[in-house]
Every structure is written in structure tokens, then in C-alpha cells.
Amino acid sequence: MRTRTGYSPALMRTLTDSPAWHSLKQHAEALRPISLRQLFEKNPDRFEQLSLRHEDLLVDFSKHRITPETLQLLCALARQEQLETWRDRMFGGEPINSTEHRAVLHVALRNRSERAICVGDRDVMPDVRRVLEQMRTFSEQVRSGKLLGFTGQRFRSVVNIGIGGSDLGPHMVCEALAPYQNEAFRPHFVSNVDGAHLHETLASLDPATTLFVVASKTFTTQETMTNAASARDWLVRHLGSESAVASHFVAVSTNHAAVQAFGISAERTFEFWDWVGGRYSLWSAIGLPISLALGWDSFEQLLAGAHALDEHFRAAPLETNLPVILGLVGIWYRNFLGASSYAVLPYDQHLHRFPAYLQQADMESNGKRVRRDGEAVDYATGPVLWGEPGTNGQHAFYQLLHQGTEMVPADFLAAAEPHHPLTKHHVKLLANFLAQPAALAFGRTLEEARAELTKAGLSESEIEGLAPHKVFPGNRPSTSIVYRKLTPYTLGKLIALYEHKIFVQGVIWSINSFDQWGVELGKQLAQRIIPELDASHDPVSHDASTRRLILYLRQLRGSG
């Protein structure tokens with residue numbers, strides 16, 4: 001029997017009963033009592049055996065609680081779950097987003113080769129290249145001053161109005177690549193429907209020199225369209241004419257009728273397609289603020305870096321495939337060693353939005369409780385992802401990482417070369433980047449703590465009281481990711497690395513990583529509540545808690 005999604009429940013119920021799964025469970029039990037100290041002492045070649053490179057990108061897996069045998073068993077699990085077939089299906093344009101019957105082709109958006117990529121019988125690459133050319137032309141006209149605002153002045157700022165993937169990706173990239181921005185043209189991002197976000201952004205801007213990009217596939221997203229309408233009112237009020245809208249607004253959308261009703265012409269509308277998921281869309285016209293802020297050459301380098309990693313993911317054997325190993329190591333901790341949380345810790349201030357971007361990419365993709373066939377999983381899926389830049393995190397939450405009761409696998413990222421001239425700062429940053437994973441992995445024993453306190457001259461009673469607090473259990477796993485410099489090309493590779501890692505895990509878990517039905521219910525309830533916050537009638541259609549909260553808020557606001 002097959003379900004309407006085309007998958008056989010009888011075949012998909014076997015993951016936790018499969019030979020590969022049972023082999024990994026047995027291996028986990030055998031490896032559990034062995035520490036990273038012991039693994040390094042036993043095998044001095046761990047780094048050579050458990051690190052991978054792609055161009056200047058080095059990923060070190062040696063500080064994980066794994067052995068080469070672990071990776072062999074994980075690759076066997078991946079083959080059992082037909083990872084290579086699913087990878088080929090994605091690159092082949094098949095509708096692997098089964099609940100929405102859509103292809104998943106963000107790889108087409110950055111395809112730098114001449115290879116056709118098809119959805120059904122249609123090669124999508126001509127459309128992709130057409131929109132990229134439209135983006136290039138528009139960006140260059142704005143940046144050169146050829147395209148002017150309503151009053152004849154050059155644009156000095158662009159405000160992107162979007163939310164979710166229409167905000168997080170472009171915002172993260174513009175922050176990460178700030179050294180490539182032109183001081184005379186600055187990007188701003190508004191996402192939250194909280195009016196403070198828009199109000200405080202606009203307060204520092206000149207309407208005559210501000211360009212707005214409204215990014216919404218349907219042009220109906222509540223938060224985005226509320227902000228866009230208020231931005232439109234602000235512009236018209238200050239420039240004194242409805243005609244100013246056509247000069248100062250562009251749209252990234254598929255709803256041409258709604259865009260034109262807003263006052264944006266077809267020439268200022270940038271298309272993208274239903275096979276572009278929101279959290280995978282920065283490579284599309286959603287990336288227009290990136291090309292405006294950084295210039296077209298930088299945007300193309302971003303695409304090129306992602307494409308290079310795509311080609312590696314598409315062709316490299318599983319055992320030497322960076323996103324495959326990164327994803328499988330995550331499976332190891334989530335399903336066999338019980339880790340519920342996962343930290344991304346960039347030692348680069350420019351990447352301060354990278355963990356927030358990855359939160360959506362990972363948790364919206366793999367935060368699922370049912371498999372592709374609609375049956376509930378009987379194993380853990382996506383972990384909670386979080387993080388902050390180093391060294392800030394060291395003075396905040398690293399205490400829990402080192403001495404807490406939770407094991408939190410972590411990714412540490414750092415560039416060998418900074419963009420700034422403060423080399424002494426960077427040396428200290430890199431020293432911390434190297435020290436923290438080592439401290440997490442190897443810790444400090446009670447004997448070592450005693451010896452350190454003895455050397456410091458403490459009395460025996462003081463040593464007895466303090467030594468237990470100075471013990472670091474170690475055996476806390478981490479990945480170290482190193483690259484020469486955070487360029488657009490390198491950032492493209494890093495983003496694609498994590499995108500494909502997420503895909504790998506979704507395949508192993510037999511879930512659809514490309515829908516997000518979990519965001520719908522809250523939106524629907526909010527639509528019901530909006531009129532009730534201002535109405536005088538009793539909101540009886542809610543639970544007792546929500547009803548009383550509505551009434552109390554109405555009371556505080558003076559409307560009930």
C-alpha cells in the first residue's frame with residue numbers, strides 16, 4: 001500500500017529496527033565510557049583521519065566522541081536510507097517536498113555551470129539567469145546613481161521589508177560581509193510587526209534617498225504587508241505625492257496583481273518560484289538587498305562559493321563529503337548519545353547573525369514529528385540550535401557548556417585573516433577559538449585541579465573545599481571550522497555546507513525538510529484575535545486563559 005505522498009508506511013517504519021541503526025546503538029554503548037582523552041592517547045593520527053578539507057575550508061571532527069568506525073557505521077546508515085538517491089532527486093528537480101508537491105531547487109539559483117536543471121520537462125536555468133540579469137541591472141543603476149528617487153536625489157539607503165527567510169538570509173549576509181559595503185549606501189532590515197522596528201529604522205532615514213524592497217512571495221504576509229503599508233504612508237507623507245511610491249518601492253513577489261495595486265510597476269517586480277523555499281531563498285531575488293548593498297560582483301562570488309560546495313556535495317563520496325559527515329555526526333549525537341541542543345559559535349563578529357539564520361534553516365526544516373508518510377516518528381529529530389559570537393559567549397553561557405549537566409555539541413568557526421588591521425585583537429580571538437574546544441574536550445581532572453591549587457599556595461583544607469568546583473569533566477564534543485578569510489565566496493560555501501547538512505539529516509529521519517506547517521496555526525489564531533482586541537463583545541471562542549488575557553489587554557488599552 002502507498003499513501004497519497006507516494007511512500008510506503010511498511011517500508012518506512014523500519015528505521016529504528018534496521019541493521020544500521022542497531023549497529024550504531026551497539027557501537028554507542030561500547031564507545032560511551034571512553035573519553036576523548038583516551039581516544040587521542042590511543043590514536044595520535046586522529047586529526048589526519050577525522051578532518052576534511054575543501055579548498056581553504058578545513059573542518060576538524062577529531063574532537064568528537066567518534067572513531068573512524070563510527071563514521072563507517074554512520075555512512076552505512078546513510079546508504080541504507082538512500083541518501084545518495086535523495087540527493088540526486090533533489091538536484092534532478094523531483095518534487096521531494098511531498099506535502100506541497102514541489103521541487104527543491106535552491107541549488108539552481110547558484111548554478112554557475114552550463115548544466116540544465118529541470119522541473120518536469122522545463123529547464124529552469126533560463127528563468128534564473130533572466131532574473132539574475134534583472135537584479136544586476138537594477139543594482140548597478142541604483143549604485144551608480146543612474147536610477148534616482150522621486151525628488152531627483154541618489155539613493156543612500158535600502159530598507160528590506162520581509163520576515164523569516166525574506167529577512168534572515170539577506171540580513172545575515174549583509175552583516176557578515178559588511179567590509180564589502182559602500183559607505184555611501186547602507187542596508188536596513190525591518191521584519192517585526194512590532195511598530196518599534198519600523199519606526200526606529202525610519203527615524204534615521206531621509207525619505208528622498210530611501211529605497212524599499214518589499215519581499216513577500218504572496219504579497220499577503222501579515223507582518224510584511226503591515227510594515228510595507230506604514231512605510232508607504234511615511235514616504236507619501238514626507239514627499240507629498242502618491243507618485244513617489246513607484247520611484248521608491250520595488251517588490252520581490254509572485255503576486256503581480258497585489259504588487260501593482262500597491263503602486264509598484266511590473267518593471268520593479270522581481271520574480272521567484274514555488275521551488276524556492278523561504279529559508280533557502282537568499283540566492284534568489286530575495287537577495288536583492290545583498291546585491292544593492294555589496295555590489296553585483298560580491299553577490300556573484302557568494303553564488304559561486306555556494307555552487308562550489310554544491311558540486312562537492314553532489315559528487316564526493318559519503319566518507320569524504322563535508323556536509324554529509326557534518327550531518328551524520330549530528331545524527332550520532334541526537335539519536336545515539338542523547339544531545340537535545342546544538343550550538344554554533346562563530347569567532348567572528350561579522351557572523352553575529354549566523355546562528356539566528358541557522359535557527360530558522362535547521363529548526364524550521366527538521367523540527368518535525370511525523371515522517372514523509374504522515375506517521376509519527378519514534379526517534380528524536382531536529383535539535384534546538386542556538387549560539388552567539390565568541391568571545392561574548394564565553395562570558396555568558398560557556399559555564400553550562402563546560403560544567404553543566406547537558407552535553408551540547410558545538411561548531412566553532414574562525415577565519416585565519418581578519419578584515420580589520422587590529423592584528424593583536426585577532427591573535428587573542430584565535431587563541432580563544434583554539435582554547436575553548438580543547439578545554440571542552442579534555443577538561444581538568446580532580447588531580448589536576450588539586451595540583452594547580454597546591455601550586456597556588458592554598459592550604460589543604462582550602463584545596464579540599466575548592467578543588468571539586470575546579471573540575472572540568474571534559475568529553476564535550478565540538479567541530480572546528482577554519483577558513484582563510486570571510487569573503488563572499490567563503491560565506492557562500494559556509495551557508496551551503498549547513499543547508500546540505502540539514503538535508504542529510506532530514507533524509508536519515510525520513511522527514512520532509514522543506515515544508516513548515518508548524519507556523520500556520522498561530523497565524524490563524526492571530527487573525528481571529530486581531531478584531532477582538534478592539535471589539536466590545538466578549539471573546540468567547542477561546543480557552544479561559546486566552547480569553548482573560550484579551551480582556552485584560554483591552555482594559556489596559558482602554559478599549560474594554
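Hi everyone. When I say two residues touch, I mean that they have heavy atoms within 4.5 Å. Please keep in mind that this is a predicted model.

Let me start with alanine 339. Its place is the loop between α16 (322-336) and β10 (341-346). Leaving aside residues up to four places away in sequence, alanine 339 touches Tyr333, Arg334, Met407 and Pro409. The C-alpha atoms of alanine 339 and valine 408 are 6.3 Å apart, although 69 residues separate the two along the chain. Is alanine 339 buried or exposed? Buried means under 20% relative accessible area, and alanine 339 has 4%, so it counts as buried.

Looking at β10 and β11, you'll find them paired in the parallel sense over three bridges, and alanine 343 stands opposite tryptophan 386 in β11.

Now for the core. The largest nonpolar core has 122 residues, and those touching the most other members are Val173, Trp275, Trp332, Phe354, Leu491 and Tyr498. Helix α22 (residues 488-508) supplies the largest share of this core, with 11 residues. Another core, of 24 residues, lies apart from it; Val214, Met225, Ala228 and Val236 are among them.

Last topic: charges. Side chains of opposite charge can pair when their charged atoms come close. How many salt bridges are there in this model? The count comes to 31. One of them joins arginine 122 to aspartate 127, with the closest N and O atoms 2.7 Å apart. Aspartate 127 counts as buried, at 15% relative accessibility. There is also a network of salt bridges here, linking Arg122, Asp127, Arg130 and Glu271.

Another salt bridge is between glutamate 417 and arginine 484, where the closest N and O atoms are 3.8 Å apart. Glutamate 417 is in the loop between β12 and α19 (423-442), and arginine 484 is in the loop between β13 (478-483) and α22, so this pair ties together parts that are 67 residues apart in sequence. With a relative accessible area of 35%, glutamate 417 is partly exposed.

Notes:
Residues numbered from 1 in each chain as written. Predicted model: local features only at pLDDT ≥ 70, side-chain atom pairs only at ≥ 80, totals over all residues. Heavy atoms only, no water. Helix = DSSP H or I, 4+ residues; strand = E, 2+ residues; numbered from the N terminus. Buried < 20%, exposed > 50% of the residue type's maximum accessible area, 1.4 Å probe, protein only. Pairing = 2+ DSSP bridges. Core = buried A, V, L, I, M, F, W, Y, C linked by side-chain atoms within 4.5 Å. Salt bridge = Lys/Arg side-chain N within 4 Å of Asp/Glu carboxyl O.
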